[in-house]
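The following note sets out several points for a student who is meeting this structure for the first time. Please read each point with the structure in view.

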Amino acid sequence: MFPITRLLVLYSTLLAAAPYVVVASPVSKAYHEFRRSVPTGWTPARRAEPDIVLPLRVGLAQSNLHNIETYLLDVSHPDSPNYGNHWTASRVAETFRPSDETVDIVRSWLADSVDPRRISLSRGGGWLEVNMTVDEVERLLGTEYYVYEHGDSGAEHVACKGGYELPGHVSNHVDFITPTLQFDVGPRLKRSSKVRRRASMGSKTGSKSSPLIGKPVQNVQSGTLNCNEQLTLACLRILYDFNYVPLAANKNTVGVVEYSPDHYIASDMDLFFGNFSKSQVGERPTLVAIDGGVLSEFGDSYESNLDTQYMMGLVGPKQKVQLFQVGDAIEDSVSFNNFLDAIDGSYCTFEGGDDPDIDAVYPDPYGGYQGTENCGTATPAFVISTSYSYTEVELPPAYMQRQCAEYAKLGLMGTTVLYSSGDYGVAGNGDLCLDSNGYEDYFGTIFNPTFPAGCPYITSVGGTQVDPGATPTEPESAWMDLIDEAYSSGGFSNVFAIPDYQKSSVEKYLQEYPPPYASDVWNSSGSRAFPDLSANANNFSVAVFGEIVAVSGTSASSPTVGAILSAINDGRLAIGKRPIGFINPVIYSPLFRDAFNDITKGSNPGCGTAGFSAVPGWDPVTGLGTPNFRKLLEKWLALP
Ligand SMILES: *[C@@H]1O[C@H](CO)[C@@H](O)[C@H](O)[C@H]1NC(C)=O
Ligand SMILES: *[C@@H]1O[C@H](CO)[C@@H](O)[C@H](O)[C@H]1NC(C)=O
Ligand SMILES: *[C@@H]1O[C@H](CO)[C@@H](O)[C@H](O)[C@H]1NC(C)=O
Ligand SMILES: *[C@@H]1O[C@H](CO)[C@@H](O)[C@H](O)[C@H]1NC(C)=O
């Protein structure tokens with residue numbers, strides 16, 4: 001994110017200003033943030049040169065953040081009288097804006113070290129920004145900066161080692177500071193599912209970071225003859241009792257998020273529709289370009305083709321699907337935060353922030369959009385599906401906490417945020433587990449949870465399959481691709497505590513089916529458990545590069561659930577109700593107990609273990625089970 005070459009070029013002579021006299025006074029300091037390990041592949045190459053200028057950004061603690069769960073439950077718990085009374089974006093921004101006291105305390109602490117004129121408050125009010133040399137920052141934060149190198153790509157990144165300190169009276173007012181421990185860099189962002197191209201596709205091993213691609217499908221059939229080998233739209237409709245004609249499509253919104261240079265291919269889309277949904281031939285998603293989002297000529301197309309073809313095919317010809325395409329054709333370090341910047345005004349200052357010289361100003365002085373300025377450039381859809389993930393260990397805890405709070409804000413505003421849980425069972429992306437020092441390691445034996453699956457304010461979607469020889473009316477099993485060793489990710493977060501809404505379901509599981517593993521292998525301390533629910537992940541017939549191939553992974557499960565939830569929103573909007581927003585408190589409630597097809601077969605191996613098992617009730621493989629659309633619709637139409 002902060003490649004050193006760029007820092008040097010940009011800022012080489014920046015701080016030649018008159019020296020500012022630093023008056024040191026003794027204060028008690030403690031680690032504000034600390035990490036034991038850096039993400040896999042990165043090693044410290046050398047101490048950072050003391051005169052490199054760092055664009056230091058201090059994330060100010062937001063007001064009322066400790067109340068965010070209460071606020072969110074108030075609008076999304078089925079027993080709440082305010083169910084569905086979502087907040088406006090400006091109410092969200094107002095509620096969480098850092099207080100004046102916070103700004104003053106942090107500013108005066110910085111002003112002890114640098115000329116106050118160098119410090120500025122971001123437009124959104126969430127950050128204090130100051131350019132400081134490595135030497136200055138090291139003294140301010142009691143740390144040492146290193147230039148880290150990435151083994152594979154040779155990329156360089158400046159970060160501090162171990163942790164950094166803040167005085168006690170400042171610490172409470174700061175979320176975290178960048179650049180310090182973050183490695184939120186592109187190469188780490190994984191498509192949720194993996195590719196291992198089979199012999200027929202070329203290399204035997206292949207890349208490990210995209211959806212799992214099987215053989216080209218022979219004798220393409222559009223029906224439900226063999227849903228284990230050829231999963232089609234028709235199979236999904238039977239599996240989840242999903243047949244729906246939208247009534248309020250013009251009021252409803254649903255979208256998938258893709259990270260460039262991944263991109264969908266239009267001709268493949270027509271090939272897919274030609275085979276599976278003829279009336280949609282020629283249809284395209286509505287492109288919502290974020291940070292220069294384009295349909296690149298580079299990159300991969302399995303993920304984007306899968307997500308768009310199934311989301312569009314399932315919602316059908318009446319409902320437009322938005323494609324949030326994040327990042328331009330060249331920059332490959334776009335992250336979830338870049339997307340969040342764009343869809344939430346209160347967050348837009350996160351990475352670099354909006355600049356009136358660069359970004360659009362509203363109301364538009366040239367006569368375009370005349371709404372109030374929202375800082376973000378895109379409106380969140382009511383349902384947003386993402387099939388990419390990190391592992392928790394790749395990101396600093398405070399960074400994840402802050403991003404997670406942002407998902408809660410989307411929930412407050414009425415958006416359902418879905419993420420695929422991952423494809424490596426109890427292991428992390430790339431089949432990596434943790435060693436006893438907390439490092440990702442091929443020989444690690446400790447379970448490695450994905451992110452943001454562990455964030456309690458998103459809905460995590462795991463994977464299932466139709467068993468060989470079974471019909472789509474028979475119960476599914478947990479997705480287990482034994483040949484490629486790919487399994488539905490699930491487990492227990494190492495960062496986030498268990499939210500109230502899932503406590504009784506998870507406790508029941510732990511009591512009735514205690515996992516047979518020592519407590520140092522999985523987090524048994526009462527953590528957020530995932531996934532929340534699941535859907536088919538096996539052998540989706542997807543058109544890619546001119547042929548229909550079998551593509552697998554929880555990457556497929558997330559848009560499938562997204563399409564179903566979007567239809568429920570349509571039903572509610574059609575009778576004047578609000579969209580369903582953050583669904584977790586609802587789906588775990590007793591009211592919805594029989595609205596899911598409970599999955600009780602299969603498991604999610606990894607880290608040299610058999611993983612967890614799918615059992616009656618919630619489990620850390622398939623969550624509550626797969627959706628039954630007809631039942632869910634009926635129950636959700638009955639909620640206020
Ligand atoms: C830091 O330096 C950059 C590059 O010169 C400049 O664009 C930015 O405004 C500076 N930030 C602050 C807070 O002074
Ligand atoms: C379907 O999935 C199974 C594994 O779950 C795999 O063995 C089989 O080869 C796949 N079929 C195709 C056509 O790729
Ligand atoms: C269906 O897919 C096949 C590739 O498997 C393709 O040759 C054919 O043209 C497609 N059918 C239509 C109607 O698009
Ligand atoms: C287990 O999860 C909790 C959060 O619920 C966290 O505080 C703790 O550090 C985790 N333990 C390990 C060993 O990572």
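1. Which helix gives the largest share of the shell around ligand 3? The answer is helix α8 (residues 266-276), which contributes three residues. Please keep in mind throughout that this is a predicted model.

2. The surroundings of ligand 3 consist of Val220, Leu271, Gly274, Asn275 and Ile548. On its own, ligand 3 exposes 360 Å², and the protein buries 51% of that area. By class, the shell around ligand 3 has three nonpolar residues, two polar residues and no charged ones. Asn275 also places a polar side-chain atom 2.3 Å from an oxygen atom of ligand 3.

3. The residues around ligand 4 are Ser493, Asn494, Val495, Phe496, Ala497, Asn523, Ser525, Gly526 and Ser527. Strand β25 (residues 491-497) supplies the largest share of this shell, namely five residues. Six residues of the shell around ligand 4 are polar, three are nonpolar and none is charged.

4. An N or O atom in the side chain of Asn494 is 3.3 Å from an oxygen atom of ligand 4. For Ser527, a polar side-chain atom lies 3.0 Å from an oxygen atom of ligand 4. In the case of Phe496, a backbone N or O atom is involved, at 3.4 Å from an oxygen atom of ligand 4. Of the 370 Å² of accessible area that ligand 4 has on its own, the protein covers 48%.

5. An unreviewed UniProt entry carries the annotation "active site" for Glu303, Asp307 and Ser555. These residues are spread over 253 residues of sequence, yet they cluster in space, with a largest C-alpha distance of 7.4 Å. Glu303 belongs to helix α9 (residues 302-315), while Ser555 belongs to helix α13 (residues 554-574). Are Glu303 and Ser555 buried or exposed? Glu303 has a relative accessible area of 1% and therefore counts as buried. Ser555 is likewise buried, because its relative accessible area is 0%.

6. Gln325 is found in strand β14 (residues 322-326). With a relative accessible area of 0%, Gln325 is buried. The side chain of Gln325 forms a polar contact of 3.0 Å with the side chain of Ser260. Residues up to four places away in sequence being set aside, Gln325 touches several others, among them Glu258, Tyr259, Leu287, Val288 and Gly293.

7. Why is helix α10 (residues 336-343) described as largely enclosed by the rest of the structure? The reason is that eight of its eight residues are buried. The buried residues of α10 include Phe336, Asn338, Leu340 and Asp341.

8. Finally, Tyr71 is located in helix α2 (residues 68-76). Neighbours within four places in sequence being left aside, Tyr71 is in contact with Asn64, Trp87, Thr95, Phe96 and Leu412. Tyr71 and Ala408 are 337 residues apart along the chain, but their C-alpha atoms are separated by 9.2 Å.

How values were computed: Residues are numbered from 1 along each chain as its sequence is written. Chains are lettered from A and ligands numbered from 1 in the order in which they are written. This is a predicted model: local features need pLDDT of at least 70, side-chain atom pairs count only at pLDDT 80 or more; totals for chains, interfaces and linings use all residues. Side-chain values use heavy atoms; hydrogens and water are left out. Helices (H or I, at least four residues) and strands (E, at least two) are DSSP runs, numbered from the N terminus. Contact means heavy atoms within 4.5 Å. UniProt positions are given in the numbering used here, feature names are shortened, and annotations may be inferred rather than shown by experiment. Buried means under 20% relative accessible area, exposed over 50%, partly exposed in between (1.4 Å probe, protein chains only). A residue is near a molecule or strand if one of its heavy atoms lies within 4 Å of it. A polar contact is a pair of N or O atoms within 3.5 Å; within protein, one must be able to donate a hydrogen and the other to accept it, and residues adjacent in sequence count only if both atoms are side-chain atoms. Accessible areas come from the Shrake-Rupley method with a 1.4 Å probe; for residues, only the protein chains shown count as cover. Ala, Val, Leu, Ile, Met, Phe, Trp, Tyr, Cys and Pro count as nonpolar, Asp, Glu, Lys and Arg as charged, and the others, Gly among them, as polar.
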